[in-house]
Amino acid sequence: MEAVTGARRVDHPERRREKQVLDRLGRIQGQIAGIRRMYEEDRYCIDVLDQVASARKALEATAQVILEDHV
């Protein structure tokens, strides 16, 4: 929720956190699409696996943000 203070809007921390998580998930979605394209194009296995590891780390970081928000 956003509060209105005078003429300016103030973001609440939970809204910023929600946007942060959604932005991260959008980037991860793009990474996964890229991995799929790489695999379909028969790219070098190690390159594909590097991208899989990168996406996994991004998911873990996102999970950490969600967990911190929960606790």
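Modeller: Thr-62 touches Val-21, Arg-24, Leu-25 and Ile-28, leaving aside residues up to four places away in sequence. Contact here means heavy atoms within 4.5 Å. This is a predicted model, so local features need pLDDT of at least 70, side-chain atom pairs count only at pLDDT 80 or more, and totals for chains, interfaces and linings use all residues. Residues are numbered from 1 along each chain as its sequence is written, and side-chain values use heavy atoms, with hydrogens and water left out.

Thr-62 sits in helix 2. Helices are DSSP runs of H or I with at least four residues, strands are E runs of at least two, and both are numbered from the N terminus. Thr-62 counts as buried because its relative accessibility is 2%. The classes are buried under 20% relative accessible area, exposed over 50%, and partly exposed in between, with a 1.4 Å probe and protein chains only. The side chain of Thr-62 also reaches back to the backbone oxygen of Ala-58, at 2.9 Å. That is a polar contact: N or O atoms within 3.5 Å, where within protein one must be able to donate a hydrogen and the other to accept it, and residues adjacent in sequence count only if both atoms are side-chain atoms.

Now the partner helix. Helix 1 covers residues 13-40, which is 28 residues. From first C-alpha to last, helix 1 reaches 41 Å, close to the 40 Å expected at 1.5 Å a residue. The expected span is 1.5 Å times one less than the number of residues. Buried in helix 1 are Val-21, Ile-28, Gly-34, Ile-35 and Met-38. The buried residues of helix 1 pack against helix 2, residues 45-70. Val-21 and Ile-28 are also among the residues that Thr-62 touches. After helix 1 comes Asp-42, with a positive phi near 60°.

Next, the charged pairs. Side chains of opposite charge can pair when their charged atoms come close. A salt bridge here is a side-chain nitrogen of Lys or Arg within 4 Å of a carboxyl oxygen of Asp or Glu. The count is five. One of them joins Asp-23 to Lys-19, with the closest N and O atoms 2.9 Å apart. Both residues lie in helix 1, four residues apart, about one turn of the helix. Asp-23 is partly exposed, because its relative accessible area is 35%. Lys-19, at 51%, counts as exposed.

Glu-40 pairs with Arg-36, and here the closest N and O atoms are 3.0 Å apart. Glu-40 and Arg-36 are also four residues apart in helix 1, about one turn. Both are exposed. Arg-43 bridges to Glu-41, with closest N and O atoms 4.0 Å apart. Arg-43 is partly exposed at 42%. Glu-41 is exposed at 52%.

Last, the whole chain. The secondary structure comes to two helices and two strands. From the N terminus, the order is β-β-α-α. Buried residues make up 13% of the 71 residues; Thr-62 is one of the buried ones. Among contacts between residues at least 6 apart in sequence, 46% join residues at least 24 apart. The chain exposes about 6000 Å², and carbon and sulfur atoms supply 54% of it. Areas come from the Shrake-Rupley method with a 1.4 Å probe; for residues, only the protein chains shown count as cover.
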